[in-house]
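Reader: Please show me the structure, and then take me through its features one at a time.

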Amino acid sequence: MTAGREIAMFCFKYAVVAGLMAGFVQPVFAADDGLSQTFSNCMDQAGGGTQSMVECIGAETERQDLRLNNAYRDIMAGLSAERKKQLQEAQRLWIKYRKANCDFYYDPEGGTIARVNANDCFMSATAARAKELEALKPQD
């Protein structure tokens with residue numbers, strides 16, 4: 001598949017997802033993955049431009065990283081010293097895994113879509129981890 005066709009397929013995927021999400025999106029985060037409506041709007045406006053999509057993904061990654069850090073901090077506040085060590089080790093290993101896994105997506109022969117794919121991997125992994133940690137937070 002050519003790089004142009006890959007970009008078109010990637011854009012189509014986001015357009016379909018954005019269209020489907022439009023009726024189900026909560027004001028701040030989408031129900032399933034926790035990606036913001038701001039991200040969805042940004043991707044709609046990117047119009048398939050690689051640089052614009054990378055910028056949208058970068059901004060959403062920052063939002064998801066903040067979400068992840070808040071969930072991590074909230075969990076750590078209520079753990080014993082031993083459990084804190086366990087979570088710290090799990091988080092360090094997860095960070096290494098996310099980097100190695102998403103770096104693999106940045107195929108040097110993959111054209112411009114490889115950059116988008118690598119950044120999307122990083123954003124999606126961060127959102128998934130944030131959701132996972134939020135589920136572990138003690139309920140008040």
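Author: Start with lysine 137, which is partly exposed at a relative accessible area of 27%. Buried means under 20% relative accessible area, exposed over 50%, and partly exposed in between (1.4 Å probe, protein chains only). This is a predicted model, in which local features need pLDDT of at least 70, side-chain atom pairs count only at pLDDT 80 or more, and totals for chains, interfaces and linings use all residues. Residues are numbered from 1 along each chain as its sequence is written, and side-chain values use heavy atoms, with hydrogens and water left out.

Reader: Which residue does the side chain of lysine 137 meet in a salt bridge?

Author: Side chains of opposite charge can pair when their charged atoms come close. A salt bridge here is a side-chain nitrogen of Lys or Arg within 4 Å of a carboxyl oxygen of Asp or Glu. Lysine 137 meets aspartate 74 in this way, at 3.5 Å from N to O. Lysine 137 lies in the segment after H5 and aspartate 74 in helix H3, so the bridge ties together parts that are 63 residues apart in sequence. Helices are DSSP runs of H or I with at least four residues, strands are runs of E with at least two, and both are numbered from the N terminus. Aspartate 74 is partly exposed, at 33% relative accessibility. A network of salt bridges links Arg73, Asp74 and Lys137.

Reader: How many salt bridges does the structure hold?

Author: The structure holds six. One of them joins arginine 67 to glutamate 134, with the closest N and O atoms 2.9 Å apart. Arginine 67 is in helix H3 and glutamate 134 in helix H5, 67 residues apart, and the pair links distant parts of the chain. Arginine 67 is buried, with a relative accessible area of 9%, while glutamate 134 is partly exposed at 27%.

Reader: Which residue forms a salt bridge with glutamate 60?

Author: The partner is arginine 63, and the closest N and O atoms are 2.7 Å apart. Glutamate 60 is buried, with a relative accessible area of 0%, whereas arginine 63 counts as partly exposed at 29%.

Reader: How many disulfides are there?

Author: A disulfide is a covalent bond between the sulfur atoms of two cysteines. The rule used is a pair of cysteine sulfur atoms within 2.5 Å, and the count comes to two. Cysteine 42 is joined to cysteine 56, S to S 1.9 Å. The torsion about that S-S bond is about -80°, so the disulfide is left-handed. Cysteine 42 counts as partly exposed at 27% relative accessibility, and cysteine 56 as buried at 3%.

The other pair is cysteine 102 and cysteine 121, with sulfur atoms 2.1 Å apart. Cysteine 102 is in helix H4 (residues 81-105) and cysteine 121 in helix H5. Both of these cysteines are buried.

Reader: How many residues does the largest nonpolar core have?

Author: A nonpolar core is a set of buried Ala, Val, Leu, Ile, Met, Phe, Trp, Tyr and Cys residues joined through side-chain atoms within 4.5 Å. The largest has 12 residues, among them Phe39, Ala46, Cys56, Ile113 and Met123. Helix H2 (37-46), helix H3 (50-77) and helix H5 (112-136) each give two or more residues to this core. A second, separate core of nine residues includes Leu68, Ala71, Tyr72 and Ile75.
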